[in-house]
Structure formats: C-alpha cells, structure tokens
Amino acid sequence: VLIKRSAFAFGGILMLFIAEYILYGLIKWKWATEEIADSIMAYAPFTSLYKLIDQPIQRLIMITQPDKTMLAYDYSVHSKELIIVGAWVVIFVYSSYWLLKKRDL
C-alpha cells in the first residue's frame, strides 16, 4: 500500500530487513552487550514478528517426531510480544491509511 509497484515494495521490505540486522550488529559491536542488543532489537518490526512464533522449524520437528521428548522448549506467546506486534500493526495500518488519504484515491 505504501509503495505502488510490488517489486519495489518487496525491495523496500528486503532493505528494511537488512537494515534491521545491520543496526543489530552495530548495537552489539559498538554500544552494548549481546543481551542489551537483543532486548533493544525485540522492538524492531521483523524481530518482533519472528519472536511471535519462536523456532517454527523446531516446533514442526517436535510435532512430526514425538520421540524427542527430552528436548524442552518454551513455545508460549507472551503478552509483551503481542503488544509490540500490535503496535507495529497499528503503525503500519495508520500510515497506509494516511498515505491513501494524502493521495486522495
């Protein structure tokens, strides 16, 4: 919605994804430890969406091979992640609405 052509929209999403991980690397390398960088990046759009379903491949392996019961993972979705993702959804929907009103479509 924000970008007219789908190829440019995909390129913009890819650039935002790459910029998020470059920012993570810079925070971890220059300013903070890995734990602080992880806590800061938990508020970034792609990282917060990834944290919503943490380790999806591992979850699928556990479903298809139940004999690996000694591996214990916390698959619960925490309210903090829901609030962060909800905030990003509101920001993206509102910015799309604002852009559509600005373009007067």
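Biologist: Before we start, what are the ground rules on numbering and pLDDT?
Modeller: Residues are numbered from 1 along each chain as its sequence is written, and side-chain values use heavy atoms, with hydrogens and water left out. Since it's a predicted model, local features need pLDDT of at least 70 and side-chain atom pairs count only at pLDDT 80 or more, while totals for chains, interfaces and linings use all residues.

Biologist: How many helices and strands are there in the protein?
Modeller: Helices (H or I, at least four residues) and strands (E, at least two) are DSSP runs, numbered from the N terminus. From that end the elements run α-α-α-α-α. The tally is 5 helices and 0 strands.

Biologist: What percentage of the protein's residues count as buried?
Modeller: Buried means under 20% relative accessible area, exposed over 50%, and partly exposed in between (1.4 Å probe, protein chains only). The accessible surface, from the Shrake-Rupley method with a 1.4 Å probe, comes to about 8600 Å², and 70% of that belongs to carbon and sulfur atoms. Of the 105 residues, the buried share is 16%.

Biologist: Which residues of helix α3 are buried, and which elements are included in what covers them?
Modeller: Helix α3 covers residues 45-52, and its buried residues are Pro-45, Thr-47 and Ser-48. Their cover includes α1 (6-31), α2 (34-41) and α5 (79-103).

Biologist: Leaving aside neighbours within four places in sequence, what is Tyr-24 in contact with?
Modeller: Contact means heavy atoms within 4.5 Å. Tyr-24 is a member of that largest core. On this rule, its partners are Glu-34, Ala-37, Asp-38 and Met-41.

Biologist: Why is the pair of Phe-17 and Phe-46 edge-to-face?
Modeller: Rings of Phe, Tyr and Trp (its six-membered ring) pair if their centres lie within 6.5 Å; planes under 30 degrees apart count as stacked, over 60 as edge-to-face and the rest as tilted. The count comes to 3 aromatic pairs. For Phe-17 and Phe-46 the centres are 5.4 Å apart and the planes sit at 90°, so the pair is edge-to-face.

Biologist: Which residues do ring pairs link into a cluster?
Modeller: Phe-17 lies in helix α1 and Phe-46 in helix α3, so their pair ties together parts 29 residues apart in sequence. Phe-17 is partly exposed at 37% relative accessibility, and Phe-46 is partly exposed at 23%. Tyr-21 lies in helix α1 and is partly exposed too, at 42%. The cluster is Phe-17, Tyr-21 and Phe-46.

Biologist: Is Glu-81 buried or exposed?
Modeller: Glu-81 sits in helix α5. Not counting residues up to four places away in sequence, Glu-81 touches Lys-51 and Leu-52. Because its relative accessibility is 18%, Glu-81 counts as buried.

Biologist: And how many Å apart are Ile-83 and Ser-48, C-alpha to C-alpha?
Modeller: Ile-83 is in helix α5 and, at 61% relative accessibility, counts as exposed. Ser-48 is one of the buried residues of α3. They are 35 residues apart in sequence, and in space the C-alpha distance is 9.7 Å.

Methods
A nonpolar core is a set of buried Ala, Val, Leu, Ile, Met, Phe, Trp, Tyr and Cys residues joined through side-chain atoms within 4.5 Å.
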